[in-house]
Amino acid sequence: MGESRDATSSLGYKFYFALQGQEIRTPTPDDEEPKEQEQSKETSPSLEVAVEDNLFEAGREDDRSPGTRDDEGGPASTEELPEARTEEGSPGPVEPERAKSVSPEPASSKMRRPSSRAGSTTALESEKSKMSFRSQEPPSDSELTSLETGMETSQKESETSRTQTTASSATGFQEEDSMVLSAFPGMLFEEKTQPLSDHPLVSLGEGQDGTRTFQHLDSRTSPLVICSWAGLLIGLSLSWVFGYNSHLPVFNLLDEDQRVLLYVSAHTAVIHDILKNKQYLLQGHSSCISCVCVSDDRRWIATADRGPDSLVILWDSYSAIPVHTIFDSHPEGGVGAITLSHDSKFLATVGAEEVQKVSIWKWTTLETKTTCVYTWSKLQTQVFGVAVFRGLIPGSVIPLQTFNKAVGFFSQSCFHFRTSQALTGTSEGKLVVWDTICTPLQARCDRLYNMKAIKLVHLQKDAITVLVIMDELFVTCDIKGHIKFYDGDLQLTHWYSQFKLGPIQSFSFSKKPASPEDVTKYPESCTLSGKPFIVRNFILATSDALVIHVKTEGTQVTKCLEEPKDPVHTVVCHPCKPLLAKGSYCGLLKVWSYLLNKYLVSRIFKGESISCLSYNHDGSLLAAGFLSGCLYILDSISLENDHPDPFQYSKGPITIMSFSHNSEYLATADENLSLNVYKKIAVDEKKVWDRLAALRSHYKPIRTLLFGVYLDSSEPRLLSLGEDRLLVEYNLANIVKDKLEVIRRDRIEQSAVPTYIAWYPPITTEYFFLTANNHYKMKLYNVTTKLCRKTALGPTYGSPLQKFAILPLGEDQEPQKRYMAYITEDKVGLQILPVDGNPHKSSAFICHPTGVADLTCSYTGRYLFTAGGSDSTVMKWDVNLDALDAAVFLGGKDLVPFYNLLEGGRDGAFFKELEDYFYYVQLVHQGINTMEPREVSTRIPLEQVPFVIRAMGFYPSEDQIEDMLNEVKFGEFLDTGKQVTHINLGDFIKLYVNHRPAFGLASQEIQQAFEMLGYENKDHEATINRDDLLLLLQHKGVCVYVYYRLKKYFFGLFSCQQKGRGESSTFLKCFR
């Protein structure tokens, strides 16, 4: 702890821990000015050349050593230049010896890059002039400091050959660096009309293989970068986010005339221009962002997450470029809180692990280690938070008992703007004042980490949720939506209580100071003088996901955002218009135009929670199901009730609903496993909706309701698929009041659990259902016989498919080229049809790290939408099918993708062994002892397939063998009218790859089976008696009736000697 404190003191910044019974604060004493500062002041006139460099300019000298690599998120030279400007009263962090060792860049380098060094000073002066032009008042110290922080070069000696990187390469970083250097506020949302001829990537033509090659014309890249067109595209790209995380703060990045907000949506930070209706998405995290902060001048953004591979990313808000990334800052629990120093040069993070760690990072250098670290245990010290540099980083909250009275839970803290004191807001409406405590032997109180709570100020009765500083005023917000302003003596100067808001979550003021045009439009302060209360404009974000902007001149209130505060579990697209409907658990139903990204109409169902939505076939009606079991049928435009009263027939939450192809029927399923069918009937010459019948046909949850038509008629057809592995078809033709019959039940899976079913597009001569299961398999079933006709390996991206949708046929799309969109537990992806097990035909991207709740696609197939459930967001994805086709081409033709799925590939021992088995099977089929001439071919009889598959280590059940044989036997029946009797090596490899377990047989599965079927012996091992196991195998599951065959299998597989009858032994021991 002593070394850490000394390291923190050398930084010259205030660092405040708020503990129960222990307070620490470590600033540099103000009375001692470090010698480095004096020396840097003396040498500063001679360092003007160094000032011209950017903060993130790497060493661009041509003669640098090949082993030195640029840090792609920060500078990468071998020396550290002095600061461009030293504020009065702050230490200069650069020693004069380092400053003297700086050498200017070679002239040749300047000639090649006229905009890097030579233009830096001009850019600096132009930025200063722009700031002065925008405001009559001189720019603040924080603005100038951050501006020069963005212009100066910070270089450091590095003897290691490997540095932590944040961009893809040194060349790529230099390109980003130049953009950061030339960035300015609001640049992201300017109209960009760059012609194609001016694009740095110019086509070199199309090759014989159909791929297009491009050349990079950036003069700074050497050699020229040549890439394939496929490498420039991705199948899905996030283009818009609806909703945000209301538990994290919302920041105002630009002044009121532009109104640009920063907020967090799941794992993405969003820069949203409200007036221009544009978003810029900061993507880089694979887990949900847990904390976010911005610098005082709104230039730099820091985001962090709590995932297994947690990251801390710093962004340039002007260009939306990530400039630095910190990996594994808190590997055990991720980052719980984050903040930046006043001059943006230092970053503080607090871990979310059990033993918390506070780290200080000098992120503008190549240094990958923390400057100083503090650790403590939650259980021992009961930390409630840490205030770093200028504010509070929230942590866990623990009540304080220092004053022998109820203080409440701590909310936020900040330092006093004139003294060394600190203040903390509490849930009891009080302020705790902290100050240094001097011992009698101390002449001065310069050890500011010896802070204690000295005073308790009772401000109000309501809980204080926000405590910030603005223009030498303390600003508090509470749970009733009130905003109050206090001076340095905690005297009330003004308050706003007329907004009628919920609990305020965050408060962010405009970067531009107030410049009143008409002083009379400002409210009067509540002081004796009664002067106009002039304060900056600000935005408020409430815990109800409402964001408003307040223009203090005239007290003009504007609503910026109003989003669902509770989980969003359902989203649906209009079948023929660019409309999107989403429903949340807070009862808010909103309809958006996803082409304009504008909200159109909404309705709030008070006291209800929307669980599912569905449009009818022409989009005139919108059905909404609720957790209470209530069903509303609404007009899709006005959202008014189409039926006078809601239906209340379901006893549990409605989970699925679907309209028939002609909107004659509506079917719903609930958590109580009940299926309800509604139909339009004529009442008094008017058609109204009424419930016909209900049925409980499954004993496990229903996953899908599927409407369709019969092949020989236009009569509607209804099926349901449940987790009980049953596909149930209902008799709609003979349905009457309170009577619904089942036509047939088919068990479509033996051990896997089906997750979804849909109609397969008509790209084959046979009509199929397409299903997915939790074993990463996709299957095709004949729509009439329900026989499994094909099994294929599905996408294997961490979790099985949960839902999929066949994309509509595009205008210029070939009828035989169809695509499918799908979601897993946390990803969204695309799949090329037909399904054949080729892994290159699918791709997936993380969309909602905490789980995807729903998927829908636009009627044109150009957009996908995913609902995030608990993260309260809906994401819009642009579909690029050309990129998916390019990925398939790059993956190889014919059998190349399937060879790669075998152990060792085409040249491995596994494939050679398979060839030997093929040859041996032909010998057996022709007779081992035959004297006839041998006929060697690449095909084997179909009846020999199970033996070869077992010889390769896959032991399918009898049902699986039947499915494999039927798949091959009837593969060409509709085209030729004949059954296939032989299979070649290529088709066998496809059959083997698609039917074997996706990830092999794990020992955990064997252990689980023995725990279920057997008992625990004296050694606490899962054991089963041999006779009992034989009995189970003969009478349960896939029966094996011949005893000697069963015994032969066991001894042939495991090479175990027969033991005495009745003696128990574990399967795992025999397996080993």
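**Notes on salt bridges, rings and cores**

1. A friendly place to start: lysine 786 counts as buried at 7% relative accessibility (buried is under 20% relative accessible area, exposed over 50%, partly exposed in between, with a 1.4 Å probe and protein chains only). Please keep in mind that this is a predicted model, where local features need pLDDT of at least 70 and side-chain atom pairs count only at pLDDT 80 or more, while totals for chains, interfaces and linings use all residues. Residues are numbered from 1 along each chain as its sequence is written, and side-chain values use heavy atoms, with hydrogens and water left out.

2. Lysine 786 forms a salt bridge with glutamate 729, with the closest N and O atoms 3.2 Å apart (a salt bridge is a side-chain nitrogen of Lys or Arg within 4 Å of a carboxyl oxygen of Asp or Glu). Lysine 786 lies in the loop between strand S50 (777-782) and strand S51 (788-793) and glutamate 729 in strand S46 (residues 726-736), so the pair ties together parts that are 57 residues apart in sequence. Helices (H or I, at least four residues) and strands (E, at least two) are DSSP runs, numbered from the N terminus. Glutamate 729 is buried too, with a relative accessible area of 4%.

3. The structure holds 22 salt bridges. Another one joins arginine 744 and aspartate 746, with a closest N to O distance of 2.7 Å; arginine 744 is partly exposed at 30%, whereas aspartate 746 is buried at 13%. Shared partners also join Arg717, Glu729 and Lys786 into one network.

4. On to the rings: there are 29 aromatic pairs (rings of Phe, Tyr and Trp, the last by its six-membered ring, pair if their centres lie within 6.5 Å; planes under 30 degrees apart count as stacked, over 60 as edge-to-face and the rest as tilted). Phenylalanine 417 and phenylalanine 474 make a tilted pair, 4.9 Å centre to centre with 35 degrees between the planes. This pair links distant parts of the chain, 57 residues apart. Phenylalanine 474 is buried at 1% relative accessible area, while phenylalanine 417 is partly exposed at 24%. Elsewhere, Phe485, Tyr496, Phe499, Phe507, Phe533 and Phe538 form one aromatic cluster.

5. The charged end of lysine 590 sits over the ring of tyrosine 599, 4.7 Å from its centre. Lysine 876 lies over the face of tyrosine 863, at 4.7 Å from the ring centre.

6. Which residues touch the most other members of the largest nonpolar core? In this core of 34 residues, they are Leu261 and Leu864 (a nonpolar core is a set of buried Ala, Val, Leu, Ile, Met, Phe, Trp, Tyr and Cys residues joined through side-chain atoms within 4.5 Å). A second, separate core of 27 residues includes Val921, Val968, Leu985 and Tyr992.

7. Last, helix H10 (residues 881-890): Ala883, Leu884, Ala886 and Val888 are buried there. The buried residues of H10 pack against strands S53 (819-823), S54 (827-832) and S55 (842-846), where contact means heavy atoms within 4.5 Å. Just after H10, glycine 892 takes a positive phi of about 110 degrees.

Definitions and conventions
A charge sits over a ring if NZ of Lys or CZ of Arg is within 6 Å of the ring centre and within 35 degrees of the ring normal.
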